[in-house]
Amino acid sequence: MPVDVDETAIASNVRVLRERTGVAVCGVVKADGYGHGAIVAARAMLAGGATWLGVADIAEGIALRNAGIDAPVLAWLHSAEPDMAAAVANGIDIGVNSASQLAAAAAVAREGRRVRVHLKVDSGLGRNGVPVAEWADVVERAAQLQDAGLIDVHGVFSHVAGASAAADLDQLAVFNTALEAAETLEAPLRHFAASSAALSLPAGRFDMVRVGIAAYGLHPDGPLDGTGGDAAEMGLRPAMRVNGTAESGVIPIGLVHGLLPVTGVPVLVDDRFVTVQSVGRASTVLSEPVSGHAVLFGDPARGEPSADAWALAADTIGYEVVTRMRAGWSS
Ligand SMILES: *Cc1c(COP(=O)(O)O)cnc(C)c1O
């Protein structure tokens, strides 16, 4: 298969992250499990000890339920008219980013069935979450709805960029203030960190960390030097391997399959390295006319090139390199 996914690597990475952080892990499987396949990734995360799963939208959460996955699921990114009733029917927790989403969630509560929500504060990214200026009002409204038996505020959370240590600390301060203002809600689950802060900012771990990229085996602050060595040092194993057969220097995997248009990255053909000369529509041309089994990226601990080499060459992050590859394309 051109795109192989090693679910034991995902499970092992989650185990490593649980041990390093000492808190509960929410395995993030949005964007089709970062290209690894959402269902495969979700099962592997749970096998590794994740106790929650995180998705962007409600439809992704419902797909997990349809596959028989019954672990707690949180969906945090909603369209203009999210199907909150479907979320509730499927037992999916709703991330609330605004006063109107709070009202919409409460509106689908039924006699004896509260809607479980996690209130999200925008601690500085400016993309998603309740703005700080509106936080007190939204908290007050949530308290009323909770007292009325319509909602159950299970969590208070935020998302941190991992852009720089100083920016993360600023966001952490905003989050701590927001938590204080939300104390009356008595939400049992506070969560803030994604992969980067989970690893580098212990004060940001709270009750749970939401990990995506590190669980797939790439360093969240990557591509760094492009070797993938920093992730390997932490015991993280990349779960995705892209490989194929090179014939006279051509591998039939290209842009349509999700590769980025890079040049110069290393490719392992049998036991020697050549480099990518060009990536075309449906094939990749190598620097030498070699034939054999070619690994474009995989596990550096096995001597293979890292997805981070592609990220570095394309001036992007590992998330994009793996998410663009369609795990489904291999079947
Ligand atoms: C994508 C996402 C995550 C996971 O981020 P990583 O950096 O891949 O660990 C966590 N939380 C939210 C809200 C996200 O959107």
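Which residues line the largest cavity? They are His36, Tyr216, Leu218, Pro238, Ala239, Met240, Phe297, Gly298, Ala307 and Val322.

## Ground rules

This is a predicted model, in which local features need pLDDT of at least 70, side-chain atom pairs count only at pLDDT 80 or more, and totals for chains, interfaces and linings use all residues. Residues are numbered from 1 along each chain as its sequence is written, and side-chain values use heavy atoms, with hydrogens and water left out.

## The cavity

A search of the whole structure finds one cavity of 30 Å³ or more. The largest cavity has a volume of about 40 Å³. On a 1 Å grid over the protein atoms alone, a cavity is a set of points where a 1.4 Å probe fits but cannot get out. Lining residues have an atom within 4 Å of a point. Grid points are joined across faces, edges and corners, and a volume is the space filled by probe spheres set on the points.

The lining of the largest cavity holds eight nonpolar residues, two polar and no charged. Here Ala, Val, Leu, Ile, Met, Phe, Trp, Tyr, Cys and Pro count as nonpolar; Asp, Glu, Lys and Arg count as charged; the others, Gly among them, count as polar.

## The largest pocket

A pocket is an open set of points with protein on both sides within 12 Å along at least five of seven lines. The largest pocket holds about 840 Å³ of space. Its lining has 34 residues. Lys30, Tyr34, Arg127, His159 and Ala194 lie nearest the centre. By class, the lining of the largest pocket has 17 nonpolar, 11 polar and six charged residues.

Four elements each supply at least two residues of this lining: helix H2 (30-34), helix H9 (195-200), strand E9 (208-211) and helix H12 (318-324). H9 gives the most, with three residues. Helices (H or I, at least four residues) and strands (E, at least two) are DSSP runs, numbered from the N terminus.

Most residues other than glycine have a negative phi, and most peptide bonds are trans. Ala31 is not a glycine, yet has a positive phi of about 50°. Ala31 sits in helix H2. Ala31 counts as partly exposed because its relative accessibility is 27%. Buried means under 20% relative accessible area, exposed means over 50%, and partly exposed is in between (1.4 Å probe, protein chains only).

Asp32 also lies in helix H2. Asp32 has a positive phi of about 50° and is not a glycine. At 41% relative accessibility, Asp32 is partly exposed. Elsewhere, the peptide bond from Gly222 to Pro223 is cis, with omega near 10°. Pro223 is in the loop between E9 and helix H10 (229-233).

## H6 against H7

Two packed helices are described by the angle between their axes and the distance between the axes. Helix H6 (residues 99-107) and helix H7 (residues 132-147) pack at an angle of about 10°, and their axes are 10 Å apart. Axes are lines fitted to C-alpha atoms, for helices over the stretch in contact, and angles run from 0 to 180 degrees between N-to-C directions. The angle makes H6 roughly parallel to H7, a label for angles under 35 degrees.

Ala99, Leu102 and Ala106 of H6 make the contact with Val138, Arg141, Ala142 and Leu145 of H7. Contact means heavy atoms within 4.5 Å. The residues of this contact divide into six nonpolar, no polar and one charged.

Glu134 is also in helix H7. With a relative accessible area of 38%, Glu134 is partly exposed. The C-alpha atoms of Glu134 and Ser98 are 8.5 Å apart, and 36 residues separate the two along the chain.

## Two residues in their surroundings

Is Val276 buried or exposed? Val276 is buried, at 2% relative accessibility. Val276 belongs to strand E13 (residues 272-279). Leaving aside neighbours within four places in sequence, the contacts of Val276 include Val262, Thr263, Leu286 and Trp310.

Arg18 lies in helix H1 (residues 7-21). Arg18 is partly exposed, with a relative accessible area of 39%. Not counting residues up to four places away in sequence, Arg18 touches Val23, Val25, Gly48, Gly49 and Ala50. The C-alpha atoms of Arg18 and Ala50 are separated by 8.0 Å, with the residues 32 apart along the chain.

Conventions. Angles under 35 degrees count as roughly parallel, over 145 as roughly antiparallel, 65 to 115 as roughly perpendicular and the rest as oblique.
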